[in-house]
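Hi,

Here is the structure I promised to pass on.

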Amino acid sequence: MRAEWNLVLEKVTSHHDHNGLIDLFELLLTEDERSAIASRLKVFQALLYGDMSQRQIAQEYQISIATITRCSNYLKNMPLEKKNKIKSLIL
């Protein structure tokens, strides 16, 4: 699995053209999968900003509390160094 995922990452990071990335993600992911990824990114950003409760995030972005709780638990169990790296990537 790891080798296959690395291949995906190589393909994604080799594209410097926005439209090319759109085409690649449309090929690899369904509309629902793209929507789920976008929602999860919003949740992680909101949790890392820390200015909204989980309930507020759910209402603001129309995302289930279960998804928000999973993301929150993932962040809580993440080492601080990794959390800081993630912050610099998505905030």
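R34 and E31 sit 3 residues apart in helix α3, so about one helical turn separates them. (Helices here are DSSP runs of H or I with at least four residues, and they are numbered from the N terminus.) The two residues form a salt bridge, with 2.7 Å between the closest N and O atoms. By salt bridge I mean a side-chain nitrogen of Lys or Arg within 4 Å of a carboxyl oxygen of Asp or Glu. Searching the whole structure turns up 1 salt bridge. R34 counts as partly exposed because its relative accessibility is 24%, while E31 is exposed at 52%. The cut-offs are under 20% relative accessible area for buried, over 50% for exposed, and partly exposed in between, using a 1.4 Å probe and protein chains only.

Before I go on: this is a predicted model, where local features need pLDDT of at least 70 and side-chain atom pairs count only at pLDDT 80 or more, although totals for chains, interfaces and linings use all residues. Residues are numbered from 1 along each chain as its sequence is written, and side-chain values use heavy atoms, leaving out hydrogens and water.

Staying with α3, which covers residues 31–49, have a look at Y49. Y49 counts as exposed because its relative accessibility is 56%. Its C-alpha is 23 Å from that of R34, 15 residues away along the chain.

How does α3 pack with α6? The angle is about 115° and the axes are 11 Å apart, with α6 spanning residues 80–90. The axes are lines fitted to C-alpha atoms over the stretch in contact, and the angles run from 0 to 180 degrees between N-to-C directions. In α3, the residues L41, F44, Q45 and L48 meet K83, I86, K87 and I90 of α6. Contact here means heavy atoms within 4.5 Å.

Next, helix α5, residues 65–76. I65 belongs to α5 and is partly exposed, given a relative accessible area of 34%. I65 touches Q54, R55 and A58, once residues up to four places away in sequence are set aside. I65 and Q54 are 11 residues apart in sequence, and their C-alpha atoms are 6.9 Å apart. Q54 also turns up with S72: leaving aside neighbours within four places in sequence, S72 is in contact with L47 and Q54.

L24 is in helix α2, residues 18–28, and counts as buried because its relative accessibility is 13%. Not counting residues up to four places away in sequence, L24 touches K11, V12 and H15. N84 is 60 residues from L24 in sequence and 29 Å from it in space, C-alpha to C-alpha.

Last, the surface. W5, V8, L9, L27 and L28 make a nonpolar patch of about 480 Å². The elements that give it two or more residues are α1 (2–14) and α2, and α1 gives the most, with 3 residues. W5 is found in α1 and is partly exposed, with 45% relative accessible area. Patches are built from residues with over 30% relative accessible area and no salt bridge, joining like charges within 9 Å and nonpolar side chains (Val, Leu, Ile, Met, Phe, Trp, Tyr) within 5 Å. The accessible areas are Shrake-Rupley values with a 1.4 Å probe, and for residues only the protein chains shown count as cover.

Cheers
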